[in-house]
Amino acid sequence: MSTTDAPKKPRETDDVPVPATLRKSLKNRHIQLIALGGAIGTGLFYGSSESIALAGPSILLAYLVGGLAIFAIVRALSEMSVEDPKAGAFSYYATRYWSKRAGFISGWNYWFNYILVSMVELSVVGSFVNYWFPAIPTWVSAAVFLVIICAANLLGVSKFGEFEFWFAIIKIVAVIAMIVGGLAVIIFVLPTASGVRASFANWFTVGNGFFPNGLMGQNSDGSWTGLLMALVVVMFSFGGTELIGITAGETEDPKTTIPRATNDIIWRILVFYIGALGVIMAVVPWNTIDGKSSPFVQIFDSVGIHAAAGILNFVCLTAVMSVYNSGLYANSRMLYSLAKQGNAPAYLSKLNSRGVPVAGVLTSAAITAIAVVVVFVWPEFAFNYLMSIATIAGIINWTMIMLTEMKFRKVVAAGGAPEDSELAGLSGQEALDAIHFKLPFAKVTPWVVLAFLALVVVLMCFSTSYRIAVIAGVIWLAILFAAYQLTQAKK
């Protein structure tokens, strides 16, 4: 039979029935915007006011240092993702290159982290809707958006990619518009509401200069402030950037797309965090940013554009939807990976004809819905305790990525690279040199990042609001270890 007569292989898309498998339907533009959107959220639009209050203009250094740490973490994850692109990246790599226990802890920690994050995002979505429609109960808004995002995830990974693409576009346009508007105020010396002339010199002349609170100091009320304390707030605003690793198993060309998206992270941080906040503090005196409204609203209000609050409300609404969309996607793939490892019930490994782990999507959505009910019934308990676990879970996740990367390199050097990798059959330094997308200074970088994350945990102990997170983290790890031992004993 000639090649022209041979049956053609069905295209691997979300719309054409093929054997149940994850689809490599995410294109380069999807990955680029997913990576960018993951670094821009309500933490930038609203949470940045808290970090500015702690460190003043020196917060720019905190974002730079924290950004370099996050860049190293994502580079470590991407090193493994390019050589061995699999769903549920963190958990799979921890199982494959470390131990089954590490995979169990990494996977369930990340899943639960995103359940809690999704819970909070859905619980606040009603406040954004109420800005325009105050009569709609907040629980109705949460339920509607949960159903919409769940349905979108069930349509296939390419549809998820499209949703994230446009969500990210909205956030990016908002930040760029603010930067351009702020620069126009500075360049054309437009009058501002504060009466202070807009200038980058304001970083050094307003409110005791660039380091108003020093590296670390104590206020009269006993609370700690300064550049180091701001690092705690800054690091949590970067949560979500590691989503790139989760997408590797469903990316068309991971060897090209993942490195490009990863390397661009540092520039995104420079432009969208340091650039945006630098312009804000040049236009609006940093000591007038009190957290009562977003710094993004203040910069437009200061030049008479009073529709900014409504515009930002829409942007934050899309940001919340984006976080839940990403969370549901990541969680469904994490459950799929855990089930494949034998660390979760087998039904979670089932895929539909579109390559979607339906059971993982529906299970995660159902658990999130229950958690949202908890938030509405016991809001103080939920935010003070459950979110503390989510806070520390992010650091646990980043720590395990760095430790797993070191294990990955040991396995590769011993000749244990994946069979379908270009490293297969190689060992020793030859294998390490052949890694396609290397973590820079790989012998030192993981230890530097781990020391930095340990410093952040220590700094958390100085903050009343974050101290509980450290205690919760120890308890949470003990629960995960016990759960693993229990599941193994039952087997």
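Good morning. At 14% relative accessibility, Gln341 counts as buried, where buried means under 20% relative accessible area, exposed over 50% and partly exposed in between, with a 1.4 Å probe and protein chains only. Before I continue, please note that this is a predicted model, in which local features need pLDDT of at least 70 and side-chain atom pairs count only at pLDDT 80 or more, while totals for chains, interfaces and linings use all residues. Residues are numbered from 1 along each chain as its sequence is written, and side-chain values use heavy atoms, leaving out hydrogens and water.

Let me stay with Gln341, which lies in helix H15. Its side chain makes a polar contact with the side chain of Thr95, at 2.9 Å. A polar contact is a pair of N or O atoms within 3.5 Å; within protein, one must be able to donate a hydrogen and the other to accept it, and residues adjacent in sequence count only if both atoms are side-chain atoms. Setting aside residues up to four places away in sequence, Gln341 touches Ser91, Tyr92, Thr95, Lys100 and Gly103; contact means heavy atoms within 4.5 Å.

I turn now to the protein as a whole. It has 20 helices and 2 strands, taken as DSSP runs numbered from the N terminus, with helices (H or I) of at least four residues and strands (E) of at least two. Of the 491 residues, 56% are buried.

How do H15 and H16 pack? Helix H15 (residues 308-341) and helix H16 (residues 358-377) meet at an angle of about 125°, with their axes 8 Å apart. That makes H15 oblique to H16; angles under 35 degrees count as roughly parallel, over 145 as roughly antiparallel, 65 to 115 as roughly perpendicular and the rest as oblique. In H15, Tyr324, Leu328, Asn331, Ser332 and Leu335 meet residues of H16 that include Gly360, Val361 and Thr368. The residues of this contact divide into 5 nonpolar, 6 polar and no charged. Here Ala, Val, Leu, Ile, Met, Phe, Trp, Tyr, Cys and Pro count as nonpolar, Asp, Glu, Lys and Arg as charged, and the others, Gly among them, as polar.

The second pair is H3 (residues 48-55) and H10 (residues 227-237), whose axes come within 8 Å and cross at roughly 170°. That makes H3 roughly antiparallel to H10. Glu50, Ser51, Leu54 and Ala55 in H3 meet Leu227, Met229, Ala230, Val233 and Val234 in H10. By class, this contact has 7 nonpolar, 1 polar and 1 charged residues. Thank you.

How values were computed:
Axes fitted to C-alpha atoms, helices over the stretch in contact; angles between N-to-C directions.
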